[in-house]
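Please look over the structure first.

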Amino acid sequence: MYLSQLLNRPVYFQGKPYGKIVDMAIFSNKALSPVSRIEILHGKKKVTIPPQAIRIEKNSITLTTNDIPQLPYDHNDLYLAEDLLDKQVIDIDGRRLVRVNDVVLENGHELKVSGIDIGFDGILRRLGLGILHIDKKILPWNVIEAFDYETGTVKIKLKQNTLAKMHPADIADILEDAGTKERLGIVESLDAKQAARAIEEADEETQLSILENLSPGVLKDVINKMHIAEIADVFHDLNPLRSEEIQKVLGADKLQKVKSLSAFSDTVAGGLMHETFFQKDAQTTVKALLKDLQKEVFIPETIIITKNNTYSGTLQVKDLLHADDKTALEDTISDTQYINEQTPFDEIVRLFAQYNLRVLPVVNKEKKPLGIVIVDEILKIIDEENERDENI
Amino acid sequence: MRRTNEMKIFRNYFVRLLPLLAILGPGIISGSVDNDAGGIATYSVAGANFGYSLLWVLLITTFCLAITQEIGARMGLATGKGLASLIREKFGIRWTAFVMAVLLIANLGTIAAEFAGIAASLEIFNISKFISVPIAAILVFILVTKGNFKRLEQLFLILSAFYLVYIVSAVLGHPNWTLGIKNLIVPDFHFNKSYILTLIAVIGTTITPWGQFFIQDYIVDKKLSKEDLPVERADVFLGSFITNIISFFIIVACAATIFAAGKVVTNAKDAALALQPLAGQFASWLFAFGLFNASIFGAALVPVSTSYVITEAFGFEGGLDFTFSEAKQFYGLFAFLIATGALFVLLPFVPLFTILFFTQAIGAVLLLPILIFVFILSNDKKLLNGYTNGKFINIVVAITFLLIASSTVAYVISLFL
């Protein structure tokens, strides 16, 4: 059964017309949600009743009691016609936004929502052309995240925490396609760290749109979880009206770093580098290093080896598997390439390709390490450039 | 090329703040396409057959165009959604189907006009429409689906500098400036059916159903923020005024030459006479080039934007970023629109200029229901949250509506007199 087949259907009480169904609601937090209330237009008044009070049969809908318990409006409910029908929802499995053409209901001993119709079939049914059947596409209810349109700001309604399990890059794709309010609703429903990762994966226009529109409270949490290098990338493109607010939120310390990074363009190493990296003295033993690494939450791939605080080389953590415990780190060095802040992009690409590197250290004139350039960053830029070339 | 840091700073402080530098924005594109095949033909007819007497309509429609485009830009900025999505979410599937049917008919007319423009321009070189139109249809399909649309868009925009020749030609044609300026400000209404029909066509070729959807989708695609509103506003205003300044000179050029000589326009060769003061015997070649450029651009852009809007409304994948198999409905619709538009032009016994002209008038009438939806949506407080229409804007929308509606009624009455 479909929602569209119930909406606007007359409801009879003791053989006489009582009103018509205008909407129904479900509890927001269950995977296969039973309908919790049905809204009936009785004369000019909306009457909200529990689903047990009516009997839905093939040819007629009847009110089973005249002692109707009036239910109050509950903000936690998701109204199917109001919040779901014709709106966009997130298809978690398909990792995209889809439009709800109809809602699929199951009428067992309880009326339940089992899925949504996103096919052309649903459109035809609602246009009164239900005899035609083409392109039937139903999504099960548990892979859907719906939005709440009740308040001015659109929020994720069904917090099933399925969004959180998605890869940040997939969330980023959805952010790129969503409307402004939905986009902010998604960001606000994620925890700050996930939100930061997803924003970083999105294209530049989307990043700007989010940073310029987030409410100050959320903005603060999210921006503090973002990588400095990513903020620096969009910093100069931010609307001047909003960039002041972002500067305030960042705090003097981070702002200084963002400014120094964004002073370089992303065509030279200085604009691409991350300032956090793992550095060890050449005399440290493998054993001591391993012990230190165990304390880290994120194990780095590459360790920067320095001697008297000047750069001497890098070592791959995977090489430690075969190294003797007592070996000093200077004997495990696998690469000695380095670049400085002004090294141009093309040269960086050449070094990465020629030496099969994952990380390149950036050093100053005294060969003191300042940061690292990661190959992922380079790939991202090349990818964006390809896309831009296709679009120009 | 990667952007250098200096360029980033430049963009930040100048492009966002100085509207003039954002000159190639959506407002300008939308505006230039308004002077498409139907536009050139309609303004030519207006100037050639009625002299300066329709200029006042042009002045009013300039404001109407600027305001309706501004509404589209503002709704796009505030919601991040296209007009089709907003109609679907607010009014449900039935009204959406209705609006899409209206849009489909209006845009099919526009597309037919574009192909008529292609045929008319090549007829000047004695190429039959039965050869030019099928080839153009296939060419447009391949250019859009296999080619690089953004690059084409830029090429066509550069080529649309052609319109400047109308300004030169108008000046060289020694028009009656006093009368022209007077008629621009003081309405000079004639109650006869062909005058009223031309009046409707002038409005319809300037403010179009597809342009209303296009501007909003374009803004949404650029993901601009609410803070960008002043710049976008300037962009659409500037676009509207530039478009209509060109329209003004097309009408004046035709009035100074064809109307002054007491001739009427029935085909492209006649319309080309307006360029004679500038180009002499090459006038018809120059006209053919300009009409061809405008028509090809329109024949590519209007079907793409129509397919995009309709797939958006019904929730299918749509856009040139998708492959054929990912977006079957989008490409299917695109092919259908081109084929139908082209076939319409190939109908025997239908003069090309009749298609070019009548489709614009029909477009104006079909704009009426769309304006109602735009009006309701743009006054929705919950949806736009502080970005609803001001009083002045609502008055201009009402004037636009009444102008088209009353002219249409007047036309129907004039048919019985």
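Asp91(A) is buried, with a relative accessibility of 2%. Its salt-bridge partner is Arg96(A), at 3.4 Å from N to O. Arg96(A) is partly exposed, at 29% relative accessible area. The model is a predicted one.

**Salt bridges in chain A**

- The whole structure holds 24 salt bridges over all chains.
- Arg125(A) and Asp102(A) form a salt bridge in which the closest N and O atoms are 2.7 Å apart.
- Arg125(A) belongs to helix H3 (residues 120-126) and Asp102(A) to strand E10 (residues 102-107), so the pair ties together parts of chain A that are 23 residues apart in sequence.
- Asp102(A) is buried at 0% relative accessible area, and Arg125(A) is buried at 13%.
- Glu301(A) forms a salt bridge with Arg358(A), with 2.7 Å between the closest N and O atoms.
- Glu301(A) sits in the loop between helix H12 and strand E17, and Arg358(A) in the loop between helix H13 and strand E20, so this pair ties together parts of chain A that are 57 residues apart in sequence.
- Glu301(A) is partly exposed at 41% relative accessibility, as is Arg358(A) at 33%.

**A network with residues of both chains**

- Arg99(A), Glu182(A), Lys81(B) and Glu89(B) are joined into one network by salt bridges that share partners.

**Helix packing in chain B**

- Helices H10 (residues 193-206) and H17 (residues 352-378) of chain B pack at about 75°, with their axes 7 Å apart.
- H10(B) and H17(B) are therefore roughly perpendicular to each other.
- Residues making this contact include Leu197(B) and Ile200(B) of H10(B), and Phe357(B) and Phe358(B) of H17(B).
- The contact has seven nonpolar, four polar and no charged residues.

Methods
Residues are numbered from 1 along each chain as its sequence is written. Chains are lettered from A and ligands numbered from 1 in the order in which they are written. This is a predicted model: local features need pLDDT of at least 70, side-chain atom pairs count only at pLDDT 80 or more; totals for chains, interfaces and linings use all residues. Side-chain values use heavy atoms; hydrogens and water are left out. Axes are lines fitted to C-alpha atoms, for helices over the stretch in contact, and angles run from 0 to 180 degrees between N-to-C directions. Helices (H or I, at least four residues) and strands (E, at least two) are DSSP runs, numbered from the N terminus. Angles under 35 degrees count as roughly parallel, over 145 as roughly antiparallel, 65 to 115 as roughly perpendicular and the rest as oblique. Contact means heavy atoms within 4.5 Å. Ala, Val, Leu, Ile, Met, Phe, Trp, Tyr, Cys and Pro count as nonpolar, Asp, Glu, Lys and Arg as charged, and the others, Gly among them, as polar. A salt bridge is a side-chain nitrogen of Lys or Arg within 4 Å of a carboxyl oxygen of Asp or Glu. Buried means under 20% relative accessible area, exposed over 50%, partly exposed in between (1.4 Å probe, protein chains only).
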